[in-house]
Amino acid sequence: LRLAWDGLTHPRWTLGTLLRTLADGMPHFENSFAERGAPVISRNVERDFSKRDHFDWSHIARIRRRWRGPLVVKGLLSPQDAALARQHGADGIVLSNHGGRQLDGAVSALRMLPAVMDVAGDMAVMMDGGVRRGSDVLKALALGARFVWVGRPFNFAAAVAGEPGVAHAIQLLSAEVDRNLAMLGVTRPGMLGPEHLLPSAPVRGD
């Protein structure tokens, strides 16, 4: 309703945008492929927008040559890929299985974090996926993550209660982090290390 009202109360902008669209054609996804991508409204846009099997490490190398600022690569899960990211000039990586939405049954980022830290060197390692509580944040930090991203809990909070819901979720997560740090006997996240974790016991058959 708010978007519709904005369109009605700004007729010059609405009409101008409509006329430009009619004159130039429907906008396309310009950065999906080397050639022009599908129109933003078309029957094959989902297939076109989600297809990524043409990307390889040469694209990262090309971006690195053109972009001299900080370069972070997201979506890695293996130490081999982390080593390749470092080799191609990445300043940081985000371990992520994209919430398990891209590959059903993909390993969790937290499980792969120790192996990735072994090859990361001075490259910043961040993590997301599966973070639901303050204790999840502290586990990742204790294993060496520089930063922990949280997405889905805030999406849920926004869906239920909008901006106040997100503010409440942030407060809950922050309070859990503070409380758990106190229970661990440390005063700041930088003091966390593997010594604050108990290795998982191996699974034994009957």
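These legends describe an overview and two close-up views of a predicted model. Local features need pLDDT of at least 70, side-chain atom pairs count only at pLDDT 80 or more, and totals for chains, interfaces and linings use all residues. Residues are numbered from 1 along each chain as its sequence is written, and side-chain values use heavy atoms, with hydrogens and water left out.

**View 1. The protein chain has eight helices and four strands.** Helices (H or I, at least four residues) and strands (E, at least two) are DSSP runs, numbered from the N terminus. Their order from that end is α-α-α-α-β-α-β-α-β-α-β-α. Of the 206 residues, 29% are buried (under 20% relative accessible area, 1.4 Å probe, protein chains only).

**View 2. Asn-97 sits in the loop between β2 (92-95) and α6.** Asn-97 is buried, at 14% relative accessible area. Its side chain reaches the backbone oxygen of Val-107 at 3.3 Å. Beyond residues up to four places away in sequence, Asn-97 touches Leu-77, Ala-106, Val-107 and Ser-108 (heavy atoms within 4.5 Å).

**View 3. Helix α6 (residues 109-120) gives the largest share of the lining of the second largest pocket, three residues.** A pocket is an open set of points on a 1 Å grid over the protein atoms alone, where a 1.4 Å probe fits, with protein on both sides within 12 Å along at least five of seven lines; lining residues have an atom within 4 Å of a point. The volume is about 370 Å³, the space filled by probe spheres set on the points. Lining residues include Ser-108, Arg-111, Lys-139 and Pro-199.

Conventions:
Buried means under 20% relative accessible area, exposed over 50%, partly exposed in between (1.4 Å probe, protein chains only). A polar contact is a pair of N or O atoms within 3.5 Å; within protein, one must be able to donate a hydrogen and the other to accept it, and residues adjacent in sequence count only if both atoms are side-chain atoms.
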